[in-house]
Amino acid sequence: MSNESQTLLRPVDLINQGLGRRRAAERRFRVYGMLAILLALIFLALLFVSIVSKGYTAFWQTELSLEVTFDPAQLDVADSGDPQQVMAANYGAVLKSAIRDLFPDVQGRGERRQLYSLISDGADDVLRKRLLADPGLLGQTVRLWVPAGSDIDMVMKGHIDRTLPESERQITDQQLAWMDTLLQQQRLQQHFNWNFLTTGDSRSPERAGIWGAVVGSFMTLAVTMLLSFPLGVAAAIYLEEFAPKNRLTGIIEVNINNLAAVPSIVFGLLGLAVFINFFGLPRSAPLVGGLVLTLMTLPTVIIASRAALKSVPPSIREAALGVGASPLQTVTNHVLPLAMPGMLTGMIIGMARALGETAPLLMIGMVAFIVDVPKGVFDPATALPVQIFLWADSPEMGFTERTSAAIIVLLAFLLSMNALAVILRRRFERRW
Amino acid sequence: MMDRSAAPRATVDREVRRTVGEVRVENPRIRCNDINVYYGSVHAIKGVNLDVGRNEVLAMIGPSGCGKSTFLRCLNRMNDTIDGCRVTGDILLDENNINSREIDVVPLRAQVGMVFQKPNPFPKSIWENVAFGPRIHGLARSRAQLDEVVESSLRRAGLWDEVKDRLDKPGTGLSGGQQQRLCIARTIAVQPEVILMDEPCSALDPISTAKIEELIDELRQQFSICIVTHSMQQAARVSQRTAYFHLGDLIELGVTEQIFTNPQHKLTEDYITGRFG
Amino acid sequence: MMDRSAAPRATVDREVRRTVGEVRVENPRIRCNDINVYYGSVHAIKGVNLDVGRNEVLAMIGPSGCGKSTFLRCLNRMNDTIDGCRVTGDILLDENNINSREIDVVPLRAQVGMVFQKPNPFPKSIWENVAFGPRIHGLARSRAQLDEVVESSLRRAGLWDEVKDRLDKPGTGLSGGQQQRLCIARTIAVQPEVILMDEPCSALDPISTAKIEELIDELRQQFSICIVTHSMQQAARVSQRTAYFHLGDLIELGVTEQIFTNPQHKLTEDYITGRFG
Amino acid sequence: RDYISIVGSSTVYPFTTVVAEQFGKSGQFKTPKVESTGTGGGFKLFCSGVGVETPDISNASRAIKSSEKETCASNGVKEIVEVKVGYDGIVLAHSKDAKPMELELKQLFLALAKDVPDPKGGDKLVPNPYTMWSDIDRSLPKQKIEVLGPPPTSGTRDALVELGMEAGCKKFPSLKALKEKDGDAFKAACHTMREDGAFIEAGENDNLIVQKLTANKDAYGIFGYSFLEENLASVKPTVIEGSRPTYDSISSGDYPLSRPLFFYVKKAHVGVIPGLAEFVAEFTSEKAWGPEGYLADRGLIALPDDERSKAAQSAKKMAPMK
Amino acid sequence: MNPLILLILLILLSLMAFQMGRRRAFKLVDGQLRSLHSLPVYYGLYASLWSAVPAMLLLIAWTAFDGSIISNMVVAQLPEALHQGEPGRINLLLNDIRNVRMGLISTETADPAVVAAAQYWDRLQFLAHAALAVVVLVLAMLGAVFTLTRIHPQQRARNAVERLVQVMMLVAASVAILTTLGIVLSVLFESIRFFRLVPITEFLFGIRWSPQMAMRPDQVGSSGAFGAIPVFVGTMLISLIAMLVAVPIGLFSAIYLSEYARPSVRSVAKPLLEVLAGVPTVVYGVFAVLVVAPAIRSWGLAIGLDVASESALAAGMVMGVMIIPFVSSLSDDVINAVPQSLRDGAYALGATPSETIRKVVLPAALPGIVGSIMLAISRAIGETMIVVMAAGLAANLTFNPLESVTTVTVQIVTLLTGDQEFDSPKTLAAFALGLVLFLATLLLNVIALRVVNKYREQYE
Ligand SMILES: Nc1ncnc2c1ncn2[C@@H]1O[C@H](COP(=O)(O)OP(=O)(O)OP(=O)(O)O)[C@@H](O)[C@H]1O
Ligand SMILES: Nc1ncnc2c1ncn2[C@@H]1O[C@H](COP(=O)(O)OP(=O)(O)OP(=O)(O)O)[C@@H](O)[C@H]1O
Ligand SMILES: [Mg+2]
Ligand SMILES: [Mg+2]
Ligand SMILES: O=P([O-])([O-])[O-]
């Protein structure tokens with residue numbers, strides 16, 4: 001400073017005086033940052049732990065081993081070569097007599113009903129499949145593992161507390177006693193629940209699978225992807241590389257940015273009004289779901305694609321234009337290949353969002369009980385998040401763990417999509 | 001213009017913005033009449049008249065922001081790619097006004113090639129970098145012909161020996177100087193008539209710079225070359241005629257030697273003698 | 001510059017990479033011993049020894065990429081901010097080795113200020129731009145004192161008269177030259193002992209450049225200044241001593257006049273005479 | 001369309017879906033598609049016309065209203081087959097850990113109605129002043145009144161209003177008298193739920209209500225019996241008018257809050273949509289809706305034997321309602 | 001002929017046109033490509049586009065309409081007695097016929113008239129397909145011939161092809177406009193009808209919201225008040241809580257990741273944070289209801305506070321967590337966009353990293369950060385599943401985060417699921433709310449984009 005007296009104290013000394021305080025502030029600031037990230041990650045971990053701990057048991061299923069006699073009389077099947085007959089056969093009777101054989105002294109309707117409920121309603125599927133595959137089984141006796149009833153399954157997994165008074169649990173003392181006998185005979189075991197991953201929905205929690213929902217989601221996403229990727233990329237290229245700066249393109253730009261933030265439920269309203277009520281497309285169809293999600297993800301895809309195009313340095317365009325390439329040749333030959341990884345990443349992120357979307361699908365009737373795995377985009381279908389929503393609303397106790405298990409499956413898909421995006425980004429990250 | 005023969009130091013005053021020196025040549029390759037360029041409301045080039053002769057290197061010098069690049073980019077309509085840039089005036093390339101709206105810029109840019117300040121090879125193989133132009137313009141019918149074009153272009157750019165064993169390696173893997181020569185090879189592969197170079201050496205090391213300068217000298221045998229440079233030394237070394245720009249005006253144009261040894265405009269003199277820049 | 005007949009032409013050969021000339025001064029402000037800088041595996045500065053004297057302007061010249069900026073940034077540890085950059089050797093600022101890990105860079109950078117190639121005022125008011133340093137370092141106790149510091153710094157940067165009526169307007173609204181002077185004012189406001197300038201005029205027009213050069217000359221009364229420049233003319237105009245770098249080596253160091261009129265190393269001569277660059 | 005489309009009540013949904021699944025397993029027909037839209041929403045879709053894009057069956061947790069029938073008729077849905085499938089109890093439940101409570105319908109009315117007769121006496125109706133259960137009756141626990149219940153789109157709500165509120169309401173002579181005098185005023189007084197936060201319309205997700213109850217010991221929830229049965233480990237029912245909701249008490253009619261469940265078939269679709277008649281037959285077969293059938297396992301309370309066989313008969317004949 | 005086969009034929013035809021166009025152009029100039037205006041490929045493309053596009057459009061239009069034309073013809077010849085002219089019955093009958101055709105109903109059991117109709121249909125279908133095939137193929141060939149005969153060296157084939165491609169891209173870009181239009185139309189008309197029943201002033205300024213009115217004459221619902229202020233206030237309250245959670249955590253995370261974290265930490269933490277955005281909102285909803293809400297309630301009770309079981313706090317907090325990554329990744333971009341030169345400037349003056357961030361980087365990035373926060377707010381007010389599950393339905397006009405409030409999206413969902421009667425104010429109210437939601441996000445976005453763009457220009 002111009003003031004002479006102050007030169008006695010060099011500014012450095014003055015600076016050093018305040019240094020302690022500043023260092024402390026620095027440390028505090030850093031800690032806030034770390035805390036913020038930690039908090040977010042803790043929440044993430046909490047979310048995952050709570051879901052996985054609730055859901056992992058659904059991947060195992062208690063099964064019961066029975067000696068089943070494919071008695072033609074009981075089954076009401078004359079010719080096991082005729083699939084029609086085999087499909088419609090009365091497997092319940094066979095199963096009932098099989099379990100009666102294990103506990104021959106059970107008498108009376110009430111007791112027997114209790115006994116039958118040790119077997120799942122879906123056990124007949126197992127028999128049907130066996131007989132269809134091997135018609136020669138008719139008349140023979142085989143030892144089979146069939147799914148146990150939901151209550152038994154719940155007790156085995158510890159979801160039903162055996163110590164509660166009988167009136168407060170779904171399973172009777174008598175059933176518990178049978179269960180223990182079966183356990184002793186090693187007729188009761190937990191096996192990996194392939195069924196959960198390979199079948200459609202069911203009203204019996206122990207038979208319910210998510211394959212139907214997975215296929216539904218897959219079809220919906222396929223429609224979404226087939227439409228939104230080409231549309232999105234074309235729109236992005238137009239806006240980024242060709243569009244003159246005029247009113248129309250200005251409006252389009254604002255529109256796209258705005259649509260990206262429009263609540264998804266509003267897209268549901270749109271889908272209901274346009275695709276179902278106006279165009280008369282079928283309710284609950286993956287096609288309609290895909291169309292709605294296309295409109296929803298399109299802005300995301302366009303924005304990501306534009307960012308990818310922007311990141312291609314102008315020098316590449318200049319180079320191509322400079323040797324006399326037309327704008328379209330410049331784009332297709334040079335810009336697009338360089339922007340493609342970025343566009344794919346954007347696409348994956350858009351798809352991930354679409355995969356987890358529920359609200360718009362509620363509006364277009366994809367909340368339905370659908371057992372058959374859809375075979376085409378016009379067949380009625382649900383999607384994974386909707387299946388979660390549905391199961392969460394089911395009274396049966398067994399669905400609680402299924403809900404969490406379905407969430408695990410959905411998260412697994414999402415995580416792998418995210419991971420793919422990250423890998424793509426890493427792999428092709430380019431610095432000019 | 002002024003009285004030049006007797007009193008060599010009779011320089012033209014700073015305030016005068018008419019062009020000093022002879023702007024025209026006989027039988028020009030490019031003739032520019034009254035070129036004005038506007039970026040929105042910024043008047044970046046102000047009524048410039050200038051000829052580019054055949055088989056000559058024309059250097060453009062001037063302080064930063066004076067409009068050298070802008071002017072250069074008029075000559076192959078690269079300014080079209082900039083929003084809000086407006087170019088008026090006539091630019092005659094062999095009698096065709098290439099500044100008219102009707103002209104298709106694609107063949108034009110093949111005729112008037114451009115090399116940029118920063119080497120910008122495509123992130124593709126060396127071979128594809130060079131073959132791209134001939135391919136889109138249909139200059140070769142077969143792969144063999146293309147191979148030939150690639151080789152001859154690389155040879156003329158003095159790069160063949162250095163890259164002939166790795167034509168399929170990416171062009172971005174070359175050193176800066178090599179990349180710039182690759183860009184030149186890419187440009188001459190489409191057999192242009194004029195080559196525009198915008199500070200082609202400013203990102204290069206001395207040795208690479210020397211190579212490029214040699215190359216320019218050779219290319220002059222066949223092409224007309226306009227080169228923008230910041231380095232007066234470079235202008236002196238490679239060009240036959242030099243144009244000095246100042247704030248959008250073409251201040252002086254003349255034979256290079258004379259510009260550097262005996263500038264006639266005060267602004268040129270100030271610049272040459274390092275009073276600024 | 002051509003014929004230097006009087007001086008013996010005993011130039012040092014191109015191959016020799018030892019530093020030619022006297023690198024040391026008496027009572028230096030900064031003394032560098034055997035500085036090496038690595039960017040990962042790139043060896044960017046190779047065993048440089050160099051002194052910066054008091055109240056002198058030391059210019060650093062050399063072709064692009066030779067390591068001028070890198071070396072300059074060692075002097076206030078700005079290289080710390082670059083990932084993978086490693087600096088070895090001793091840099092003594094008044095006997096303290098500022099290149100040791102223990103040194104706190106905060107007061108160091110207050111002692112050794114820096115001005116960058118592109119003017120980088122903070123997007124704040126002019127007043128706040130200048131007051132920023134004194135405020136964070138607690139160099140002023142009151143608003144009045146701060147006002148005083150701001151005014152005196154702007155005065156010394158020769159900017160006061162131009163901006164005194166709009167101290168509360170954003171610094172980014174000034175012209176390029178004014179912005180650069182604002183950055184200089186910002187730097188001297190923390191009363192540094194050394195000022196480093198990395199091509200401070202390369203983004204500026206000639207008039208602004210002249211102003212800054214004047215300013216540098218004035219500031220020399222109080223500070224030691226290291227300036228990197230691309231323009232030999234500028235080096236000649238503002239500096240007392242000049243260092244010539246080449247590919248990471250300090251090739252030659254000497255009194256400016258002598259370097260430009262009578263370089264002793266062949267590389268320096270080549271550069272000075274415009275054989276490259 | 002080659003599958004059956006069913007919409008409607010969320011209460012009947014769990015039962016219909018079980019039948020649908022069984023039906024689909026036989027392999028002859030595709031498994032019907034069942035949507036849970038709420039009774040009202042179901043009728044809305046059902047009555048929108050005849051044709052493949054409209055549903056074939058609508059589930060309902062109450063009988064169709066005359067107004068809905070009119071809408072149907074005006075859209076060309078003239079012949080509708082009504083099938084009563086059984087009973088459902090409406091339970092008022094709360095967390096197992098909370099203090100048990102016994103309630104009379106009159107008290108229920110006082111707790112939930114918007115306007116109640118002035119507690120200080122007189123016939124005048126005043127805005128419901130009760131905030132604690134103990135304000136209504138000293139014997140009731142000292143707890144805030146907080147009841148999670150269904151919205152008006154739900155059949156459960158209609159049943160609650162008619163069976164619970166109206167019955168409680170009629171216990172007041174003055175209000176009972178009103179019914180003859182002025183039907184609308186009576187309805188306004190007895191059917192209107194309070195809106196001051198004591199009665200919370202909690203949406204149609206009954207599981208969520210159960211879970212909210214376990215989280216909040218003061219809260220009561222209103223939902224179907226099947227949800228109670230599945231969640232006995234966490235919630236317990238309130239005894240109403242001295243009767244605890246059980247299978248037997250509901251089917252015998254002891255428990256006052258029980259209501260019939262229905263589904264409605266669009267006759268015009270029978271024979272056109274493959275399997276429609278067969279589906280109805282499956283639903284009304286003894287192995288499905290009998291007291292020993294698989295629906296009973298899911299919490300459906302079967303019709304009395306004679307009523308059931310009659311209903312099965314008329315369903316087989318597809319006799320439309322008048 | 002099956003349309004699919006036709007499509008394949010069409011593609012083959014256009015490929016042929018492509019080849020011929022290319023050859024012809026090549027021959028015309030005898031291989032002297034330089035004298036050709038465009039590359040031969042473009043002449044080929046030109047020919048193939050001309051042969052494919054009109055034919056394709058016709059094919060699409062035809063297949064879109066021939067179903068209804070044929071079915072009308074089938075209906076016309078059906079005995080009147082079968083359907084009595086009722087549209088619904090006709091519709092069912094057609095379904096029946098279709099099922100017979102597809103073999104879902106055996107011909108023996110079906111009505112002979114229906115079987116006959118099915119056969120007639122098959123005949124018509126065959127005729128239609130045959131005619132279509134002829135017309136389409138002829139059109140395609142005409143297109144090809146037309147263009148092929150006109151090829152000459154000066155023809156600007158490339159320009160023509162590129163124009164067409166550009167038009168196609170413009171159409172793609174316009175889908176966004178159509179979507180917006182669709183949204184506005186599908187919401188606006190219903191809203192106008194709503195405002196005829198309920199004055200707009202009452203809707204916007206009324207303070208009682210009780211829309212679950214009677215749906216039928218014989219039902220008694222609630223009073224049917226449509227003052228949306230409590231709903232708006234609830235939405236704002238929950239959004240505010242969400243932002244209070246998301247902004248500090250998101251912002252500090254962004255700062256830490258972009259300024260402090262080592263690259264290895266950053267490369268792990270950033271994708272992990274993004275996972276938070278990818279978790280389906282249903283899952284958050286379940287989490288809010290089962291974990292967070294009970295926890296808050298029991299803590300509240302422990303310190304003597306009366307906490308509603310569906311407190312705004314629980315929904316808001318979980319929503320906040322969901323929004324963290326939006327704030328953090330957008331802010332991260334903005335912070336990274338602050339030029340390094342500003343940081344260098346501050347460091348060179350001896351500022352510590354935190355001083356640099358607080359006093360230079362953040363102020364410089366502020367407009368961008370504000371923009372990103374506004375985008376996050378619009379995300380918050382539009383979020384549906386979390387609040388549907390975790391927030392209340394009762395519209396309390398309160399600012400107390402411990403009480404339960406409702407939001408716009410919750411109301412839309414509850415009003416539209418269940419009874420849908422399109423002319424009752426109750427259902428229409430959902431559309432009015434949808435409109436408000438759309439306009440609010442539009443406004444927020446326009447402002448945010450303005451702010452962000454302005455800020456971008458500052459450095460570009
Ligand atoms: N895209 C643009 N928009 C607006 N103004 C521009 C644009 N490009 C250049 N200018 C302005 O036009 C003038 C001339 O710019 P130009 O780039 O031609 O200068 P130059 O002589 O090439 O400078 P340099 O030596 O720095 O390359 C300058 O004032 C510049 O600011
Ligand atoms: N961050 C970095 N990472 C890796 N290498 C670097 C980095 N910065 C500089 N280099 C390399 O170090 C060498 C010296 O660079 P420096 O920037 O110091 O040169 P310079 O003399 O300042 O050049 P210019 O005149 O272009 O500014 C160059 O070869 C450069 O490529
Ligand atoms: Mg330039
Ligand atoms: Mg540098
Ligand atoms: O769905 P509901 O049965 O309550 O109408």
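This is a predicted model: local features need pLDDT of at least 70, side-chain atom pairs count only at pLDDT 80 or more; totals for chains, interfaces and linings use all residues.
## A walk through chains D and A

You can trace 15 helices and 13 strands along chain D. The radius of gyration of chain D is 21 Å, close to the 20 Å that the globule rule gives for 322 residues, so chain D is as compact as a globular protein of that length. If you draw a box along the principal axes, the C-alpha atoms of chain D fill roughly 65 × 45 × 35 Å.

Next, colour chain D by burial. Of its 322 residues, 63% count as buried. Then turn to the contacts inside chain D: taking those between residues at least 6 apart in sequence, 72% join residues at least 24 apart.

Stay with chain D for one more selection, the charged residues. Chain D has 41 positive and 44 negative charges. How far apart are the mean positions of the positive and negative charges? They are 2 Å apart.

For the last stop, move to chain A. Give each domain its own colour and look at where they touch: 8 residues from domain 1 of chain A and 4 residues from domain 2 of chain A take part in the contact.

Technical notes: Residues are numbered from 1 along each chain as its sequence is written. Chains are lettered from A and ligands numbered from 1 in the order in which they are written. Side-chain values use heavy atoms; hydrogens and water are left out. Helices (H or I, at least four residues) and strands (E, at least two) are DSSP runs, numbered from the N terminus. The radius of gyration is taken over C-alpha atoms; the globule rule is 2.2 Å times the number of residues to the power 0.38. Buried means under 20% relative accessible area, exposed over 50%, partly exposed in between (1.4 Å probe, protein chains only). Contact means heavy atoms within 4.5 Å. Lys and Arg count as positive and Asp and Glu as negative; His and the chain ends are not counted. The place of a charge is taken as NZ of Lys, CZ of Arg, CG of Asp or CD of Glu.
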